[in-house]
Amino acid sequence: LDYSKISPLQFAILLVSFLLGSSLITQPGLLAGRHTWLALIIGVVAGLLLAWGFAVLANRFPGKTLVEINDLVYGAYMGKFISILYLWFLLHLATLVLHHLCDFITIIVPHTPRVVLMVFLLLVCASAARCGVEVIARCSLILVPLTFIACLFITTLATPIMDFKHFLPISHIDVAKLAMAALGASTFPFAESVAFLMVAFAISGRAHPKKAWTAGILIAGAMFAIITVRNIAVLGPVYGIFLNFPSHAAVRTIELGEVLTRLDLLLVVQFLTMGFLKLSVLYYGVALGTAQLFKITSYKPVILPLGAIIVNLSLLQFRSFQELINFAENTFPFYTIPFAIIIPLLTLLISSWRKPPIAQGEAL
Amino acid sequence: MFITSCAELNNWLGVFMLGWYFKKLRIRRELNSQKSEKEGQGNPQLQPAHLFPSLSKNLQLMRNIVGTSPDIIYRLVAFGPDNRYKAALIFLDGIATNTTIHDDIIKPLTMGSQLHQREEIVPDLDYISQVLIAVGNVKKISRTSEVVDSFLSGSTILFLDGTAEALALDTRGWASRGIVEPQTEMVVRGPREGFTETLRDNIALLRRKIQYPGFTVESMVIGRKTHTQVAIAYIKGLTNPELIKELKHRLQRIDIDAVLESGYIEQLIEDSPLSFFPTVGNSEKPDKIAGKILEGRAAVLIDGTPFVLTVPYLFIEGFMSAEDYYVRPFYANLLRLLRFVAFLVSLVLPAAYVAVSTFHQELLPTNLLITMASASAGTPFPAVLEALGMSLVFEILREGSLHLPRQVGSAVTIVGALVLGDAVISAGIVGAPMVIVIATTALASFLVVPYIPSTTVLRFILIIMAGFLGGFGLVLGLLAILVHLCALRSFGVPYLSPIAPLDPEGMKDSLVRLPWWK
């Protein structure tokens with residue numbers, strides 16, 4: 001269906017952009033307030049553990065996407081059922097990302113109808129998804145370094161207004177809150193890397209994806225750490241309590257002379273580009289999976305119909321941004337658990353127990 | 001039960017979604033069949049495949065095929081003892097060199113043959129070519145098509161009575177432009193010679209730069225009516241054989257009546273003809289082309305044009321200049337960086353101005369905002385229309401001044417600069433900041449010559465996007481361009497390499513040029 005090949009490096013960078021995607025603005029573990037960094041560390045560790053599981057799974061079925069793996073492991077009926085569940089999960093994730101992105105974009109273009117923003121954004125994503133994972137990976141190779149540089153630039157400029165007293169008192173921890181925040185951080189965004197089981201098939205050579213997966217999560221984690229520390233140090237007690245977009249609030253306070261007062265523009269561009277990449281990967285994954293599910297010879301014809309579904313679902317799903325936040329904080333972590341932990345674990349166990357012959361899989 | 005329904009669904013999906021693909025295919029097939037019908041009509045007139053043994057019949061044959069235009073010279077020659085042998089020369093006046101024909105063919109035939117022993121002289125083409133005439137490149141041919149082709153390319157054809165063969169004597173030589181500095185690519189430092197319109201001279205210019213046994217030139221003829229000579233130049237052992245194979249394949253596939261410039265070939269062999277970006281490079285400078293060949297690229301030289309093509313062509317090459325390699329690296333890198341910035345400015349600046357002044361005024365520092373507001377207060381049009389209009393005016397000026405004689409060209413500049421630039425502001429129709437923005441954009445676009453066509457078109461699209469959706473539209477437009485660039489390939493090589501996909505070896509000469517000693 002898609003014969004494109006990506007190198008492990010491209011895979012890792014693409015994973016970074018995927019993880020940064022919508023979490024660049026609402027940070028992982030925001031619930032924990034000044035202990036967000038702690039939640040973030042727990043999230044990264046949990047994400048690494050999960051990623052190793054995914055990597056082992058991907059390595060056991062080289063050149064196979066999640067849909068094909070499900071077919072091989074669970075058989076035709078059950079496999080199709082689980083694949084449909086996963087496709088729903090990816091599609092739903094895409095609608096969440098789109099909704100989230102558009103909520104943020106309405107800050108800069110407040111009077112434009114939401115549906116216009118969504119359609120235009122999704123059209124560009126569709127063109128990327130149509131070109132295949134290779135092209136998305138190449139885009140990420142250019143955009144991620146730029147985002148990284150911009151992030152460092154903003155953080156450097158923020159140093160005069162940082163106050164590290166805001167981290168104190170460190171030992172006073174609300175454990176229940178922290179646990180919830182850590183769960184949130186590990187599911188959103190780190191556990192979402194289960195979507196990359198739809199992409200890992202394209203890694204060239206027989207390289208084990210574990211290294212690339214680890215590298216991607218660690219780089220993204222490092223960037224989150226920089227952002228988190230900056231935001232806590234800049235915003236202080238307000239952080240994690242009222243703000244929907246803490247990074248935005250933090251960056252807006254930066255002033256450099258009379259000229260550089262609106263650095264949040266950089267942030268918007270960062271968020272838009274990373275969100276675009278995340279959305280493209282999800283979109284591509286859903287399209288490829290759908291095509292494989294129905295054994296269509298090309299995934300390209302399903303792209304636009306899926307796009308229509310994503311836009312509509314995204315519009316209908318939430319009435320306000322608060323509903324989205326509520327869903328992301330309270331429902332999403334538990335909603336992700338079966339997809340990111342239970343089913344992959346089950347797949348791993350069954351596949352090591354059944355040892356399905358690879359040759360048989362080729363005929364499928 | 002589930003399987004059957006799934007298969008049905010699959011069927012249904014296939015019919016529903018692939019329907020328009022099938023329709024598209026059908027249309028293409030119909031177009032192709034029409035094309036092949038048209039080809040059938042263009043058959044050359046029936047003619048015998050081989051020459052006759054009789055001189056008069058051969059001459060009649062030639063008259064039938066090429067006619068009796070005034071520039072076609074039929075010259076009868078009698079030679080040998082008692083002038084008993086008859087021969088005829090046919091050549092094109094102006095394309096075949098007259099002095100060569102007089103001094104090296106006719107003179108030795110008629111006068112020289114008197115000096116030899118009577119019995120030695122036989123009416124035989126081998127004898128004539130080996131003993132009598134003094135021309136370097138001689139070919140014996142007997143097929144009519146070969147005779148006609150070499151005659152039309154400027155060779156002199158010698159028919160001998162009683163022989164069903166002819167000699168093609170290479171007497172090609174016509175008035176051509178000298179080797180002068182190319183107008184399109186001026187340099188401060190570096191060789192000043194440029195390619196000419198003659199293929200032979202161009203190959204010689206390259207050969208003189210690369211005196212290496214592996215340097216190979218392969219030639220072919222393209223164009224049913226023009227019979228244009230096309231040559232591929234590359235270095236054996238350095239250039240990827242797959243590239244040469246693919247290039248030859250694409251060239252052989254070309255089926256066209258006329259090739260008058262390398263642009264014809266370029267548009268027929270490029271990877272994505274619908275792209276705004278060029279995937280085949282061209283240059284008029286032998287040193288630049290030699291450099292590309294030495295990097296492992298292949299060059300395509302076309303007779304009749306000084307523009308030589310190179311493939312594969314990568315995005316990064318548009319920002320390179322031959323001079324980058326001749327001047328010292330720190331300055332060369334500064335220039336290269338400048339070109340990148342200029343490219344971005346020429347692409348984005350008007351759109352960014354439109355977005356900021358229409359949607360995001362709060363992004364500007366207060367002083368600048370006040371200046372801008374006071375300048376554009378009272379101007380009747382929205383910023384999008386201003387930007388589109390001014391860009392259009394600039395394109396008109398540029399196109400006008402480009403092709404006019406120099407004396408009239410200055411008038412265009414005066415009208416453009418004084419009347420449009422100055423009066424439009426003082427009349428309050430367009431704000432002064434907009435004029436500054438468009439002027440800066442225009443200046444910046446001149447730094448990256450290969451992408452002037454691309455940026456011009458994309459600039460208009462981006463302005464419209466920014467006018468509709470503000471900064472969001474601008475970023476979306478740029479992302480779409482990026483996706484397109486990432487998806488482009490030139491002869492199998494990703495357009496954005498060595499940056500994406502990353503190639504550390506190639507990065508040594510991409511955004512920056514590392515010093516030679518590195």
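L420(B) sits in helix α13 of chain B, which spans residues 406–426; helices here are DSSP runs of H or I with at least four residues, strands are runs of E with at least two, and both are numbered from the N terminus. With a relative accessibility of 32%, L420(B) counts as partly exposed. On this scale, buried means under 20% relative accessible area, exposed means over 50%, and partly exposed lies in between (1.4 Å probe, protein chains only).

L420(B) also belongs to a nonpolar surface patch of about 440 Å², together with I414(B), V415(B), L418(B) and V419(B). Patches take residues with over 30% relative accessible area and no salt bridge, joining nonpolar side chains (Val, Leu, Ile, Met, Phe, Trp, Tyr) within 5 Å and like charges within 9 Å.

## Ground rules for the model

This is a predicted model, in which local features need pLDDT of at least 70 and side-chain atom pairs count only at pLDDT 80 or more, while totals for chains, interfaces and linings use all residues. Residues are numbered from 1 along each chain as its sequence is written, chains are lettered from A and ligands numbered from 1 in the order in which they are written, and side-chain values use heavy atoms, with hydrogens and water left out.

## Chain B as a whole

Chain B has 15 helices and 12 strands. Of its 518 residues, 45% are buried. Its accessible surface comes to about 26,900 Å², with 62% belonging to carbon and sulfur atoms; such areas come from the Shrake-Rupley method with a 1.4 Å probe, and for residues only the protein chains shown count as cover.

Taking contacts (heavy atoms within 4.5 Å) in chain B between residues at least 6 apart in sequence, 67% join residues at least 24 apart.

The size of an interface is often given as the accessible area lost when the parts come together. Here chain B and chain A bury about 3,200 Å² between them, 79% of it on carbon and sulfur atoms; the figure is the accessible area (1.4 Å probe) lost on putting the two parts together, summed over both. L363(B), F472(B) and V483(B) supply 19% of the area that chain B buries against chain A, more than any other three residues. The contact takes 33 residues from chain B and 39 residues from chain A.

The interface has 1 salt bridge, meaning a side-chain nitrogen of Lys or Arg within 4 Å of a carboxyl oxygen of Asp or Glu. The side chains of R489(B) and E134(A) meet in a salt bridge at 3.5 Å, N to O. On the side of chain B that touches chain A, α1 (2–41) and α15 (452–487) each supply at least two residues, and α15(B) gives the most, with 11 residues.

## Two buried side chains

D287(B), in helix α9 (residues 286–294) of chain B, is buried at 9% relative accessible area. Leaving out residues up to four places away in sequence, D287(B) touches P191(B), K209(B), A322(B) and Y326(B).

In chain A, S314(A) is part of helix α10 (residues 303–317) and is buried, at 0% relative accessibility.

## Backbone spots to check out

Most residues other than glycine have a negative phi, and most peptide bonds are trans. The peptide bond from L168(A) to P169(A) is cis, with omega near -5 degrees, and the one from A500(B) to P501(B) is cis with omega near 0 degrees.

F491(B) is not a glycine, yet has a positive phi of about 50 degrees. F491(B) lies in the loop between β11 (489–490) and β12 of chain B and is buried, at 8% relative accessible area.
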